[in-house]
Amino acid sequence: MSLDLRDRVRDVPDFPSPGIVFKDLMPLIADAEYFAETIRQLAAWARPRDPGFVLGAEARGFIFGGALAYELGAGFIPARKPGKLPRETIEATYELEYGTDSLQVHSDALSAGARVVIIDDVLATGGTARAKVELVESLGGVVAGLGFVIELTFLNGRERLEGYDTHALISY
Ligand code: AMP
């Protein structure tokens, strides 16, 4: 039986602000079959890219990234909001609608040449994905690909990831 992942994506209008249609993936991860199918599809794409690590940012990147890393037999690297990681970190800053935000990883998270797949739930403007690319490359890692469950094509996030192997399971 083939599942249509869209059946477990809930549109929430005007969240977190007016005019935004939020793609809520909580129904998908709460459904055992759909969650497993999502991870299988991400793994089928990621496996040939031969990553030693999956990197994801809190919070939804941990859910998909952690499960994917397990499925691939890869390690998982958490990218976190400032102040959460206990040892020396490096940081990348990205733009939000109002102001900026940052993500950090431990400075010794990767060894040079390590192949890393970056995972997130939604590719929107591509700003946070770009910041994660910067983090991986600053540590000497190689971005083996960027995988997303959903791509919002009308926001052109892909343009900010030009030259990188970018894949989404579903697009709107
Ligand atoms: P981006 O604009 O690509 O940097 O996306 C920023 C973050 O916000 C990503 O981690 C997405 O998961 C999340 N995000 C952005 N737009 C949406 C949306 N319409 N629905 C759900 N999540 C979103």
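In which loop does Asp50 lie? Asp50 sits in the loop between H2 and E3, and view 4 returns to this residue.

The model is predicted: local features need pLDDT of at least 70, side-chain atom pairs count only at pLDDT 80 or more, and totals for chains, interfaces and linings use all residues. Residues are numbered from 1 along each chain as its sequence is written, and side-chain values use heavy atoms, with hydrogens and water left out.

**View 1. The whole protein chain.** Four helices and nine strands make up the secondary structure of the protein chain; helices (H or I, at least four residues) and strands (E, at least two) are DSSP runs, numbered from the N terminus. Their order along the sequence is β-β-α-α-β-α-β-β-β-β-α-β-β. The radius of gyration is 15 Å, close to the 16 Å that the globule rule gives for 172 residues, so the protein chain is as compact as a globular protein of that length. That radius is taken over C-alpha atoms, and the rule is 2.2 Å times the number of residues to the power 0.38. Of the 172 residues, 43% count as buried; buried means under 20% relative accessible area, exposed over 50%, and partly exposed in between (1.4 Å probe, protein chains only).

**View 2. The largest nonpolar core, around Leu25.** This core has 26 residues, and Leu25, Leu68 and Ile150 touch the most other members. A nonpolar core is a set of buried Ala, Val, Leu, Ile, Met, Phe, Trp, Tyr and Cys residues joined through side-chain atoms within 4.5 Å. Two or more residues each come from helix H2 (32-46), helix H3 (60-72), strand E7 (115-123), strand E8 (142-151) and strand E9 (166-171). H2 gives the most, with six residues. Neighbours within four places in sequence aside, Leu25 is in contact with Val9, Phe64, Asp121, Val122, Val149 and Ile150, where contact means heavy atoms within 4.5 Å.

View 3. Glu151 is found in strand E8 and is buried, with a relative accessible area of 8%.

**View 4. Asp50 and Asn156, two non-glycine residues with positive phi.** Asp50 has a positive phi of about 55° although it is not a glycine. With a relative accessible area of 54%, Asp50 is exposed. Asn156, likewise not a glycine, has a positive phi of about 55° and is placed in the loop between E8 and E9. Asn156 counts as partly exposed, at 41% relative accessibility.

View 5. The bond from Phe15 to Pro16 is cis, with omega near 0°, and Pro16 is in the loop between E1 and strand E2 (21-24). The bond from Glu58 to Ala59 is cis as well, with omega near -5°. Ala59 lies in the loop between strand E3 (53-57) and H3.

**View 6. Ser2, in the segment before strand E1 (10-13)**. Ser2 counts as exposed, at 71% relative accessibility. The C-alpha atoms of Ser2 and Asp108, 106 residues apart along the chain, are separated by 41 Å.
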